[in-house]
Amino acid sequence: MTHSGDTADAVVIGAGPNGLVAANLLADAGWSVVVLEAADEPGGSVRSGEVTAPGFRTDFCSAFYPLSAVSPFMTGLDLERHGLAWRHAPDVLAHILPDDRVALLSRDVDRTAESVAQFAEPDGDAWRAEFQTWQHIRDDLVEALFRPFPPIRAAARLFRRMGTGDALRFARRAVMPVRALTNELFTGEGARLLYAGNALHSDLGPDTAGSSIFGWLLAMLGQDVGFPAPVGGAGEITAALVRRLESLGGRVDCGRRVDRVLIARGTAVGVRDASGELVRARKAVLADVPAPSLYLELVGAEHLPSRMVDDLTRFHWDDSTVKVDWALSGPVPWTAKEAAGAGTLHLGGDLNGLARFSSQLSCGQTPKVPFLLLGQMTTTDPSRSPRGTESVWAYTHVPRGQKWDQTRLQRAAERVEQTIEKHAPGFTSKVIARHVAGPEELGRHNISLVDGAVNGGTAAIHQQLIFRPTPGLARPDTPVDRLYLASASAHPGGAVHGGPGGTAAHVALLRNGFGGGAYRALIAATLSRVNR
């Protein structure tokens, strides 16, 4: 039984960062906005709380935000005026090799160059040259990455700035495997690992096409803006987004899971929640949920082209995840002293080790030597735990589709601890409390993390740009008029930068502006040809 509810200009499904960015931008335009969130609190994967021991603040999923620091959607909201503050660790990132040598990434380019030059002297100057390239194209590239596709103006400025030859060579670099690119750029292993380890923040190994752009981008962002963390925990980003929205008259309703998008004559007109309550949308419905969930569950195949439904069966998720959080009685006792001041650390292999890790995942095998992404949160933000202690997390990827009971999870956590202990003897003796989350636990925390996939779908090149989430326009428009995909499943993809949400809001405003009818006719005709 359904019940009539309230009405707003826009209904946003999901109060993750993309949904909240979209809601804020629409509210800025004077729209009335209601955000419906299935969980009991907003934020999606941008939340924090005490799950290990009292006084230890843990980020449940994401923790460091280099892309937030440059995204025009996030920076344009001026969240610092709504209580958000940022902190940086003394150093950005340390990649610890099996022999305890460290490649260090610092916001001081000379410090980074000195570190990579210890592996091969020419790499110091090579690193500086890479950073100069980044500085030369930074603003236009960021604009091209985050604006609606195709980013004609930003791409044109980028092309003029670089020139035809350099633009073509940059495009070649972007689609290369990161191992191949770094073999061309660098002589030693240190600089190569800073790129390759950063590429594995996605699901792309060193020998995967397109991994170079992710490794290069995150390394250059780390050099430029660092990997900042919000004071008090990831949830402070969400809190600032909610406060800003509410100051504009918007509303976030938690504990309201949407089970259907309401469609009349091919147009989204609202949603129905799990209790049967309706919320009508005068202008738009925006969905910050995975593409398969939106199309196959909330919309239904009957409202979609059969070709698109078939494409959705080929949607590729990224790998599953196991995450461990610890409350420690003191700092991690790293053998390599350079690691002590890094906010983010990579452990578990040299370049070939990273390749083996990625290959084993592709073969459906759980790697015996996990590649770890580790965060030292109290080192970054002293408010995260009592004085003299440390709040630490680490995660690793595991194959999709496997069962993870508590016994298997605990064994995985022990392998993670053994990897850390190898480089920090005495680590386990400092553990006050431990919390382990496998794919199922992460999925319960945030229903968008399907089987523990944290990226909203693979970052591989076959599911980027015009292939994300299915072959199409790389835009948030859907076959249903006034319904927009605003999640990490849409271009420009995962991480906390607000790109999918900001783009969806932009397109919703365009559709409801002067010439909106012509815009929709063009989009509908193009989508029809794509799905013919």
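Patches here are built from residues with over 30% relative accessible area and no salt bridge, joining like charges within 9 Å and nonpolar side chains (Val, Leu, Ile, Met, Phe, Trp, Tyr) within 5 Å. Leu465, Ile466 and Phe467 make one such nonpolar patch, of about 240 Å². Areas come from the Shrake-Rupley method with a 1.4 Å probe, and for residues only the protein chains shown count as cover.

Before going on: this is a predicted model, where local features need pLDDT of at least 70, side-chain atom pairs count only at pLDDT 80 or more, and totals for chains, interfaces and linings use all residues. Residues are numbered from 1 along each chain as its sequence is written, and side-chain values use heavy atoms, with hydrogens and water left out.

Where does Ile466 sit? Ile466 is in the loop between helix 16 (439-445) and strand 18 (483-485); helices (H or I, at least four residues) and strands (E, at least two) are DSSP runs numbered from the N terminus. With a relative accessible area of 36%, Ile466 is partly exposed, on a scale where buried means under 20%, exposed over 50%, and partly exposed in between (1.4 Å probe, protein chains only).

Helix 1 (residues 17-28) and helix 17 (residues 499-511) have axes that come within 7 Å and cross at roughly 35°. Those axes are lines fitted to C-alpha atoms, for helices over the stretch in contact, with angles from 0 to 180 degrees between N-to-C directions. On the helix 1 side, the residues involved include Val21 and Leu25, while helix 17 brings, among others, Pro500 and Ala505. Contact means heavy atoms within 4.5 Å.

Pro500 also turns up among the contacts of His491, along with Leu465 and Arg147, leaving aside neighbours within four places in sequence. His491 lies in the loop between strand 18 and helix 17 and is buried, at 11% relative accessible area.

## Charged pairs

There are 33 salt bridges in the structure, each being a side-chain nitrogen of Lys or Arg within 4 Å of a carboxyl oxygen of Asp or Glu. One of them joins Glu302 and Arg260, whose closest N and O atoms are 2.7 Å apart. This pair links distant parts of the chain, 42 residues apart: Glu302 is in the loop between helix 11 (291-299) and helix 12 (306-312), and Arg260 is in strand 10 (residues 258-264). Glu302 is exposed, at 57%, whereas Arg260 is partly exposed, at 22%.

Lys323 and Asp325 pair up too, at 2.6 Å from N to O, and both residues are buried.
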